[in-house]
Amino acid sequence: MTERSAQTMHKPDFWGSGIYRISKVLIGPDSLETKLANVIKALSAILPMRRGAIVVLNAGGAPEMVATLGVEQASQGARCIPAKPAIDRIVAKGAPLVVPDTCKSDLFQAEFETSSNATGPATFVGVPMKVDNETLGTLWIDRAKDGSTRIQFEEEVRFLSMVANLSARAIRLDRHLSRDGQPIVGEEGTRKTSSGEKELPESARQRPTKIDWIVGESPALQQVVESVKVVATTNSAVLLRGESGTGKEFFAKAIHELSPRKKKPFVKLNCAALSAGVLESELFGHEKGAFTGAISQRAGRFELADGGTLLLDEIGEISPGFQAKLLRVLQEGELERVGGTKTLKVDVRLICATNKDLEAAVADGEFRADLYYRINVVPLFLPPLRERNGDIPRLARVFLDRFNRENNRDLAFAPAALELLSKCNFPGNVRELENCVRRTATLAGSEAIVPSDFSCLKDQCFSSMLWKSADRPLGGNTLSGSVESPVSLGYSNGPAGLTVAPHLTDRELLIGAMEKAGWVQAKAARILGLTPRQVGYALRRHRIQVKKI
């Protein structure tokens with residue numbers, strides 16, 4: 001491993017980007033075996049590894065599933081499981097294992113003697129795949145022996161442990177579902193659950209088929225909808241990821257309404273809007289006299305949601321101090337009201353939502369890793385509106401119908417108006433689209449909405465006004481898809497990075513913005529409509545050397 005690659009590997013942003021990629025692999029529609037194989041493949045693009053494997057164990061401790069990369073296969077198609085003594089030690093102790101030089105370790109002598117795949121001194125790093133203190137298997141990699149330091153090993157173990165825990169959650173969820181996608185049912189007709197989860201009745205086994213309040217037929221949206229129908233039948237915690245305005249609250253409502261908890265309360269709270277002290281009172285409740293203004297006892301959101309579902313929006317904004325208090329409630333299902341001493345038991349299905357890069361926050365020490373694992377059991381990534389081809393006209397008609405009912409109007413879109421709307425990328429997503437439809441309908445001069453009714457043609461739309469401070473020419477119409485408009489470039493939030501523009505490549509656009517900004521990342525971020533962190537991701541991914549001026 002070169003000095004440069006070593007320095008890049010051990011930056012928090014690099015680890016966060018890797019975790020993000022692997023999370024998306026694990027929530028895909030593929031089989032578990034394919035997902036795990038893709039995880040190993042993704043790791044090979046992140047780490048300078050020579051070989052690697054994920055070994056999933058059955059209830060008896062024997063290998064049930066093995067996903068490998070660079071591992072020699074035994075004769076007659078049998079699966080070869082190298083480093084078995086090392087794997088056994090990891091499972092027995094439930095702790096990571098680092099061997100800087102396998103040639104000097106007794107754990108690997110048998111492999112050197114019997115396998116032609118052992119190619120000299122190597123460094124081995126292995127971690128257990130654990131969920132709820134149960135070891136479901138191991139994840140290990142090896143590479144040619146290098147001069148890695150103890151600190152670098154610690155960072156690599158931390159990163160692989162995060163990957164292993166996410167993989168373990170995916171394995172646990174897969175074991176809860178039968179081959180046809182239905183929950184596994186035990187002898188008493190109830191779903192077998194992990195520790196801390198309440199069993200679901202027989203009536204919960206049928207997967208729901210319809211979500212009326214989510215509009216769209218695009219493949220990107222339908223994939224998420226199908227995932228929602230599956231996870232709704234379980235009690236697993238769900239983490240909704242995606243840009244602002246993609247409808248996280250609506251998907252949370254769908255999970256609740258399609259679950260066996262639908263007759264119980266659906267309670268929601270925006271964590272970003274409250275300070276740590278107020279948030280604690282809102283979630284846990286308080287006793288009379290607990291603080292100034294507490295004139296009576298008050299139940300918190302956890303109590304109100306007992307038996308039902310609790311949505312914590314903007315979960316990434318809570319303070320590190322409050323994260324520890326929240327983790328205890330999620331682990332034990334117990335809480336005390338502020339100013340009280342009585343312990344209350346609650347049974348709540350938790351759904352969290354965020355548009356923040358939690359993986360980078362964990363790597364930076366801003367978000368607790370144990371809380372991340374607890375809330376990220378089933379991550380669902382909601383697609384931005386620009387990736388939902390054909391859904392904009394459907395949504396626009398729904399919003400216009402709602403406006404007509406509320407205002408006793410009878411407006412309709414002309415075909416040319418819908419065509420114009422479909423060309424916009426809507427950086428504010430569904431929320432911005434609804435705002436655009438309502439504004440246009442309010443100011444429309446006739447019953448038929450035509451292209452000239454849109455304020456974008458007057459350089460007054462959200463997209464135009466938002467990017468005026470970027471010191472970049474916008475042209476007359478931000479819906480035209482012109483490369484001059486930063487919102488038409490199709491950039492996506494999060495460490496997935498930049499998408500392909502219609503006329504220029506990602507790299508060309510990025511270099512152009514950096515040159516215009518004098519190679520100052522913060523200025524380039526404003527030009528592109530990104531955050532400095534996202535620009536940093538893109539620069540590293542495209543291997544663009546930042547010039548010093």
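User: Which strands does helix α3 lie across, and at about what angle does it run to β2?

Analyst: This is a predicted model, in which local features need pLDDT of at least 70, side-chain atom pairs count only at pLDDT 80 or more, and totals for chains, interfaces and linings use all residues. Residues are numbered from 1 along each chain as its sequence is written, and side-chain values use heavy atoms, with hydrogens and water left out. Helices (H or I, at least four residues) and strands (E, at least two) are DSSP runs, numbered from the N terminus; axes are lines fitted to C-alpha atoms, for helices over the stretch in contact (heavy atoms within 4.5 Å), and angles run from 0 to 180 degrees between N-to-C directions. Helix α3, residues 32-46, lies across β1 (51-57), β2 and β5, and its angle to β2 is about 35 degrees.

User: What is the strand order of the open sheet of 5 strands?

Analyst: Two strands pair if DSSP finds at least two bridges between them. In this sheet the pairing is antiparallel. The order is β2-β1-β5-β4-β3.

User: Why is one side of β2 and of β3 left without a neighbour in the sheet?

Analyst: β2 covers 63-69 and β3 covers 97-99. Both stand at the edges, so one side of each has no neighbour in the sheet. Neighbouring strands here are turned by 10 degrees against each other on average, direction ignored. The reason for the open sides is that each edge strand has a single partner strand.

User: How many of the 11 residues of β5 are buried?

Analyst: Buried means under 20% relative accessible area, exposed over 50%, partly exposed in between (1.4 Å probe, protein chains only). β5 also pairs with β1, antiparallel, over 6 bridges; there glycine 52 is partnered by isoleucine 141. β5 is largely enclosed by the rest of the structure, because its buried residues number 8 of 11.

User: Which strands pair with β10 in the parallel sense?

Analyst: β10 (residues 309-313) is mostly covered, with 4 of its 5 residues buried. Valine 267 has leucine 310 of β10 as its bridge partner, and threonine 309 stands opposite arginine 349 in β13. Each of the two parallel pairings has 5 bridges. The partners are β7 (residues 266-270) and β13 (residues 349-354).

User: How are the planes of phenylalanine 284 and phenylalanine 302 arranged, and which residues form the aromatic cluster?

Analyst: Rings of Phe, Tyr and Trp (its six-membered ring) pair if their centres lie within 6.5 Å; planes under 30 degrees apart count as stacked, over 60 as edge-to-face and the rest as tilted. The whole structure has 4 aromatic pairs, one of them the tilted pair of phenylalanine 284 and phenylalanine 302, at 6.0 Å centre to centre and 35 degrees between the planes. The pair links helix α9 (residues 276-284) to helix α10 (residues 301-304), 18 residues apart, and both residues are buried. The cluster is Phe284, Phe302 and Phe322.

User: Which residue follows α9, and what is its phi?

Analyst: The buried residues of α9 include Leu279, Leu283 and Phe284. After the helix comes glycine 285, with a positive phi near 85 degrees.

User: What does alanine 361 touch beyond four places in sequence?

Analyst: Alanine 361 sits in helix α12 (residues 358-363). This residue is buried, with a relative accessible area of 3%. Its contacts are Lys356, Glu366 and Phe367.

User: Where is pLDDT below 50?

Analyst: pLDDT is the predictor's confidence in each residue, from 0 to 100. The protein averages 76, and 77% of the residues score at least 70. Where pLDDT is low, the predicted coordinates should not be read in detail. The stretches include residues 178-209 and residues 467-504.
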